Structure formats: C-alpha cells, structure tokens
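Please look over the sequence and the structure shown here before reading the notes below them. They are written for a reader who is new to protein models.

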Amino acid sequence: MATHAPDTHAAPTSHQGGALSRMNIGQLGMTIFIGSEIMLFASFFTAFFIARSNAVQWPPEFSGGEFHLPKLITGVNTAILVFSSFTIWWAEKRLAAGDRKGLIRGLIVTIMLGATFLIIQINEYVHLGFTPQDQMFGTIFYCLTGLHGAHVFVGLTALMFSLNRAKAGEFSHGNAGPLVAASIYWHFVDVVWVFLYVMVYLV
C-alpha cells in the first residue's frame, strides 16, 4: 500500500489562526483610529496656519516685548521623544528574537523617555509667560501642544499596559497584537511632534 508523506503545508491550528486574527484586527483598528487622529490634528494645524497668515507679527509680543519660544530645550525634548521610537522598535526586535527580558527593558526605557518628555513639556508651560487666553497665538499654541501631550499620555498608558502583559509572558513573536498597536500609535505621536516642533517652534 502506498504511503503519503506528511503534509508540511498544513493549515495553522485554530489557536494560531485566532492569534493572527486578533493581531491583524488590532492593527487594522489602530490604523483606522490613527486616520481619524490625523484629521483631528490637521484641523488644528489648519487653524494655526490661518492665524499665522493673518498675523502682523508671529509670535506676537507678550508683556511689552517680543517673545521667543524655548527652541533649544524643546529641541532636546524632541530628541528624547524621537529616541523613544527607537527603543520601542528595539523592544519589538527583542521579542522577535525570543528575548523577553530585552522586550521588558525596551518598554521600560520607552516609558521613561515618554514620561520625561511630558515633564519637560509641563515645565515649559510653567515658564512660558503667557496663557491660552493671551491672543490667538496663545490659544492655538496650547491647543496644539496640549492635544499632543494628551496623546503622549494615552500612548504611555498603552505602553504600561503592554509592559504588564510582557512581564506576565503573554507576548510571543506573531502573537503580540496590543504591543504592535501601541508601538504604531507611539510612532504616530512622535511623527506628529516632530512636525509640530518644526512648524510652531522653528519656522
């Protein structure tokens, strides 16, 4: 009787298929959510550009003199946030290599960098010398940077949730939907800030 060689291309088990489906659905949901967030930020940036094009002086004068945004310290803060994108990317690479400790360390460093960014941003608010009620510039500046800060906080929450699951050993290569979604969101937050820093602080 002829024998049949085992089928090496067998379909994935229902458990594997379910994991892949959850991962893909999570990524798709995050992509759709980010699309809506892009439109939200676009509306605020549109208001910023309109106000700037109609202004005689930009930024305007505050407290009887010309005001300058803290470009240097904010540039350092921008570098911190950009570096956090590399640390979350490194964490995912460690997961793919089966290094759970590396994944956890990468997430911890990313969270610390994100928290540092927020602390520096809050400190900047304290020393700016103007409030959201001070002319159109103040309103738009605080709306844009505050909206982004809120997104950083949401991203940190998602990363801490992912960290807890990583410590519990729930993630593995090909089965880390929440981590991938949090990573995509974090990269989005970083890109938005780089654009905001260039347009609001430098240009």
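**Confidence along the chain**

- Confidence is highest in helix 2, residues 71-96, where the mean pLDDT is 96, and lowest in strand 2, residues 65-66, where the mean is 57.
- Over residues 1-23 the pLDDT stays under 50, and for this stretch the model has five contacts beyond four places in sequence.
- Where pLDDT is low, the predicted coordinates should not be read in detail.

**Helix 3 with helix 4**

- The axes of helix 3 and helix 4, the latter formed by residues 135-167, come within 10 Å and cross at roughly 155°.
- Angles over 145 degrees count as roughly antiparallel, and helix 3 and helix 4 are therefore described as roughly antiparallel to each other.
- Their crossing is left-handed, and the contact of helix 3 with helix 4 has, by class, 18 nonpolar, eight polar and three charged residues.

**Helix 3 with helix 5**

- Helix 3, which covers residues 100-127, packs with helix 5, which covers residues 177-202, at an angle of about 30°, and their axes are 13 Å apart.
- Angles under 35 degrees count as roughly parallel, and helix 3 and helix 5 are therefore described as roughly parallel to each other.
- The crossing of helix 3 and helix 5 is left-handed.
- On the side of helix 3, the contact is made by Leu103, Leu107, Thr110, Gly114, Phe117, Gln121 and Glu124, while helix 5 contributes Leu179, Trp186, Trp193 and Tyr201.
- Sorted by class, the residues of this contact between helix 3 and helix 5 are seven nonpolar, three polar and one charged.

- Phe48 lies in helix 1, which is formed by residues 14-53.
- Is Phe48 buried or exposed? Buried means under 20% relative accessible area, and Phe48 therefore counts as buried, at 2% relative accessibility.
- Leaving aside neighbours within four places in sequence, Phe48 is in contact with Trp58, Ile140, Leu144, Met199 and Val200.

Note on methods
Residues are numbered from 1 along each chain as its sequence is written. This is a predicted model: local features need pLDDT of at least 70, side-chain atom pairs count only at pLDDT 80 or more; totals for chains, interfaces and linings use all residues. Side-chain values use heavy atoms; hydrogens and water are left out. Axes are lines fitted to C-alpha atoms, for helices over the stretch in contact, and angles run from 0 to 180 degrees between N-to-C directions. Helices (H or I, at least four residues) and strands (E, at least two) are DSSP runs, numbered from the N terminus. Angles under 35 degrees count as roughly parallel, over 145 as roughly antiparallel, 65 to 115 as roughly perpendicular and the rest as oblique. A crossing is left-handed if the near helix is turned anticlockwise from the far one by less than a right angle, and right-handed if clockwise. Contact means heavy atoms within 4.5 Å. Ala, Val, Leu, Ile, Met, Phe, Trp, Tyr, Cys and Pro count as nonpolar, Asp, Glu, Lys and Arg as charged, and the others, Gly among them, as polar. pLDDT is the predictor's confidence in each residue, from 0 to 100. Buried means under 20% relative accessible area, exposed over 50%, partly exposed in between (1.4 Å probe, protein chains only).
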